[in-house]
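Dear colleague,

Please find the structure below, handed over for your own work.

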Amino acid sequence: MTIREKMHGGKLYRTDDEALMKEQAACLEKLYDYNHTRPSQAEMRTALLKEMFAEIGEGCYIEPPFHANWAGKFVRFGKNVYANFNLTLVDDTAIYVGDNTMFGPNVTVATAGHPVQPALREKIYQYNLPIRIGRNCWIGAGAVILPGVTIGDNTVVGAGSVVTRDLPANVVAVGNPCRVLRPIGERDDLYYFRDKKIDPSEL
């Protein structure tokens with residue numbers, strides 16, 4: 001099994017492979033360029049994201065600074081994905097994000113983990129598991145999504161949550177570890193926050 005097969009197959013592999021490090025360094029040069037664009041350089045940002053990501057749909061916006069181990073090389077975003085400041089993608093393997101999903105500031109999406117066994121960590125072994133986030137999700141500020149997690153469509157993850165296991169579609173989930181608080185229901189058609197009513201004309 002090659003190191004790439006291990007890297008994308010959930011197997012342990014060493015991260016000090018010379019060819020991998022060289023390829024990763026080239027990706028990070030583009031990420032540096034992206035993070036040093038000016039706010040007025042929207043076209044340049046879009047062009048760089050298309051170079052950096054495996055796939056990125058129309059209308060996506062990532063507010064710098066943006067952090068990613070591979071600058072998005074294994075990341076696939078749908079259309080109209082929005083990320084606020086300090087999105088961190090530990091993108092050592094695939095991350096899939098559906099259309100219209102939004103990330104609050106300081107969100108971490110981490111596909112990579114390290115063994116609990118100390119001797120393996122000393123030898124810098126790592127494993128990666130893909131993450132899938134559905135369409136029209138809202139990931140609140142400071143949330144952390146861990147390796148192998150799938151989040152269903154329309155789900156809201158509360159600020160500061162640590163998502164260690166899969167979440168179904170159409171729920172509000174919060175906490176550490178993150179758990180389903182309630183389904184998205186009829187009340188959410190009437191109120192956008194606590195007792196603040198939605199103007200029907202906005203739907």
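**Findings**

Pro-168 counts as partly exposed because its relative accessibility is 41% (buried means under 20% relative accessible area, exposed over 50%, partly exposed in between, with a 1.4 Å probe and protein chains only). Please note that this is a predicted model, in which local features need pLDDT of at least 70 and side-chain atom pairs count only at pLDDT 80 or more, while totals for chains, interfaces and linings use all residues. Residues are numbered from 1 along each chain as its sequence is written, and side-chain values use heavy atoms, with hydrogens and water left out.

Pro-168 sits in the loop between strand 18 (162-163) and strand 19 (171-174); helices (H or I, at least four residues) and strands (E, at least two) are DSSP runs, numbered from the N terminus. Apart from neighbours within four places in sequence, Pro-168 is in contact with Gly-152, Thr-155 and Val-180 (contact means heavy atoms within 4.5 Å). Pro-183 is 15 residues from Pro-168 in sequence, and the two are 9.5 Å apart in space, C-alpha to C-alpha.

As to the backbone, most residues other than glycine have a negative phi, and most peptide bonds are trans. The following cases depart from this pattern:

- The peptide bond from Pro-64 to Pro-65 is cis, with omega near 0 degrees, and Pro-65 lies in the loop between strand 3 and strand 4 (67-68).
- Asn-176 and Pro-177 are joined by a cis peptide bond with omega of about 0 degrees. Asn-176 belongs to the loop between strand 19 and strand 20 (179-183) and is exposed, with a relative accessible area of 61%.
- Asn-106, in the loop between strand 9 (102-103) and strand 10 (108-110), has a positive phi near 65 degrees. Its relative accessibility is 44%, so Asn-106 counts as partly exposed.
- Arg-194 is not a glycine, yet has a positive phi of about 50 degrees. This residue is in the loop between strand 21 (191-193) and strand 22 (196-197) and is exposed, with a relative accessible area of 65%.

Turning to the helices, the buried residues of helix 3 (residues 42-52) are Arg-45, Leu-48, Leu-49 and Met-52. They cover an arc of only 100 degrees around the axis and therefore lie on the same side of helix 3 (the arc is that of the directions from the helix axis to the C-beta atoms). These buried residues pack against helix 2, strand 2 (55-56) and strand 3 (61-62).

Methods: Axes fitted to C-alpha atoms, helices over the stretch in contact; angles between N-to-C directions.
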